[in-house]
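Please open the model in your viewer and keep the sequence panel beside it. The tour below moves from one selection to the next and says what is to be found at each stop.

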Amino acid sequence: MTFPESRLRLLSRGSWLEARRVAAILRTETAGGVLLIVAAAVGLIWANTPWSGTYEAVRDFQVGPEALHLSLPLSAWAADGLLAVFFFVVGLELKREFIAGDLRDPRRAALPIVAAVGGMVGPALAFVAFNLGNSDAVKGWAIPTATDIAFALAVLAVVSSHLPTALRTFLLTLAVVDDLLAVTVIAIFYTDELHLLHLGLCAISLAAFAVAVRLGIRSAWLLLPLAILTWWLVHQSGVHATVAGVLLGLTVPVLRQNSDNSPPSSAHRGPAEQFDHRLRPISAGVAVPLFAWLAAGVSIGGMSGLVESLTDRVTVGIAVGLVCGKALGIFATSYLAAKLTRAELDDDLRWIDVGGVALLGGIGFTVSLLIGELAFAGDPSREDNVRIGVLVGTLLAALLATVLLRIRNHAYRRIAAEETRDDDNDGIPDVYKHRSAQR
């Protein structure tokens, strides 16, 4: 082997290892959330600089084949196309939770499922209360109902050095069910007209994709065309194209073929985990940040414009819905379900911890912006107010959740330290004698 060849091979190997490291980083919740925040901040700042015209030109630039009715601006490609990748990963996560995760245990999943329902009803009622009497504005009732999984889990990951793992499980289950409900809302309430022929053809292509993955076929040359065809048919049917992502994700098996009937374990995890492993870096590192960058760029118009937007009832309804409606809805329904049914809160959690998760539920960035675009399509001023409302509500919810969870994290850290001490020398750590009082 000549020196240049060996050098080339070493460089190639180094690039491959570097790509693997980047992919591994993008699979972490913190990295995805940080990228989302940075992308949204860049879009918002760029849209309010002297170069805002360049941002708008990029956002509105049309590309795609006209013959397939896909000549769309880049913002539409981000909302319809890139988010389909995000929702495909959500579909995989949903399937895994139902088959091998916490959602397969009804008693354990009851509280976060009920909390997800309350977390949609609460903010919807808050939004409608602020916009009652304005039939056009009320169309946006679903905007503050969605929780952003990536953003919320990233905040929790940054804060939770000592918080119980049950807290993350509660939030993840809540957010997963919340996304399922959000997709259902998009499909039912934000579909103007249905084309049954395209829906029928979509069912055929979706079934072909499901059969292929169930047979163990992993060739991108077959699966990718089937997935794109399904996405295009959903897009043409009138249903929002992101629904195709969830449907495709739900068809992927969770367990390996020919597995026995023993309880699910890592040894039995199959195609869903493999697809998630490959696509999560694309979703977290490309799809969601690009959507955030293109969706968050609202021109505030200086201090006067910001004040005008913040006094708009749509903006206020969204912000109050995310911060107050979400928190009250999640906490109240969880508490009532625990008191009135057999559903139980995890032994490692206290109700103040649920309050922190309830505030995290108000982080409603990605899907909230998407629903806002669907609700007020063609009304730029309303779309701008939606973006400001979502940004303000999300940031306030994240800030309040961080403060409360930091307090709880400090309490759990103190408990963990005290568990190592036994002041009475009786073999029983004092923390077990006073745990309820300390929490």
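Which residues of helix 10 are buried? Select helix 10 (residues 220-237) and colour L223, L226, A227, T230, W231, L233, V234, H235, Q236 and S237, which are the buried ones; buried here means under 20% relative accessible area, exposed means over 50%, and partly exposed lies in between, with a 1.4 Å probe and protein chains only. Helices (H or I, at least four residues) and strands (E, at least two) are DSSP runs, numbered from the N terminus.

Before going further, note that this is a predicted model, in which local features need pLDDT of at least 70 and side-chain atom pairs count only at pLDDT 80 or more, while totals for chains, interfaces and linings use all residues. Residues are numbered from 1 along each chain as its sequence is written, and side-chain values use heavy atoms, with hydrogens and water left out.

**Helix 10 and its surroundings**

Stay with helix 10 and show its partners: its buried residues pack against strand 2 (72-73), helix 4 (74-100), helix 9 (196-214), helix 11 (242-251) and helix 12 (271-295). If you place a distance between its end C-alpha atoms, they are 25 Å apart, which agrees with the 26 Å that its 18 residues should span at 1.5 Å a residue, the expected span being 1.5 Å times one less than the number of residues. Just after helix 10, select G238, which takes a positive phi of about 105°.

**The whole fold**

Of its 439 residues, 48% are buried. Among contacts with a separation of 6 or more, 77% are between residues 24 or more positions apart, where contact means heavy atoms within 4.5 Å.

**The nonpolar cores**

Next, select F87, F291, I318, L360, I363 and F365, which touch the most other members of the largest nonpolar core, a set of 97 residues. Such a core is a set of buried Ala, Val, Leu, Ile, Met, Phe, Trp, Tyr and Cys residues joined through side-chain atoms within 4.5 Å. Helix 8 (residues 165-189) gives the most to this core, with 13 residues. A second, separate core has 15 residues, including L206, F209, V213 and A272.

Return to F291 and display what surrounds it: leaving aside neighbours within four places in sequence, F291 is in contact with A78, A79, L83, T366, L369, L370 and E373.

Select S334, in helix 14 (residues 313-340). S334 counts as buried because its relative accessible area is 0%, and its side chain reaches the backbone oxygen of I330 at 2.7 Å. Not counting residues up to four places away in sequence, S334 touches L111, A115, F170, W351 and V354.

Then select Y335, also in helix 14, which is partly exposed, with a relative accessible area of 35%.

**The largest pocket**

Show the surface and look for the largest pocket, in which about 820 Å³ of space lies. Of the 30 residues that line this pocket, D80, H240, E373, L374 and A377 are the closest to its centre. Helix 3 (52-60), helix 4, helix 10, helix 16 (366-375) and helix 17 (380-418) each supply at least two residues of the lining. On a 1 Å grid over the protein atoms alone, a pocket is an open set of points where a 1.4 Å probe fits, with protein on both sides within 12 Å along at least five of seven lines, and lining residues have an atom within 4 Å of a point; grid points are joined across faces, edges and corners, and the volume is the space filled by probe spheres set on the points.

**Helix 17**

Select R382 in helix 17, which is buried at a relative accessible area of 15%. Beyond four places in sequence, R382 is in contact with N134, D136, A137, V314 and F376.

D384 is also in helix 17, but counts as partly exposed at 24% relative accessibility. D384 touches V298 and S299, not counting residues up to four places away in sequence; the C-alpha atoms of D384 and V298 are 5.5 Å apart.

**A last stop**

Finish at H69, in the loop between strand 1 (62-63) and strand 2. H69 has a positive phi of about 60° although it is not a glycine.

Methods. A polar contact is a pair of N or O atoms within 3.5 Å; within protein, one must be able to donate a hydrogen and the other to accept it, and residues adjacent in sequence count only if both atoms are side-chain atoms.
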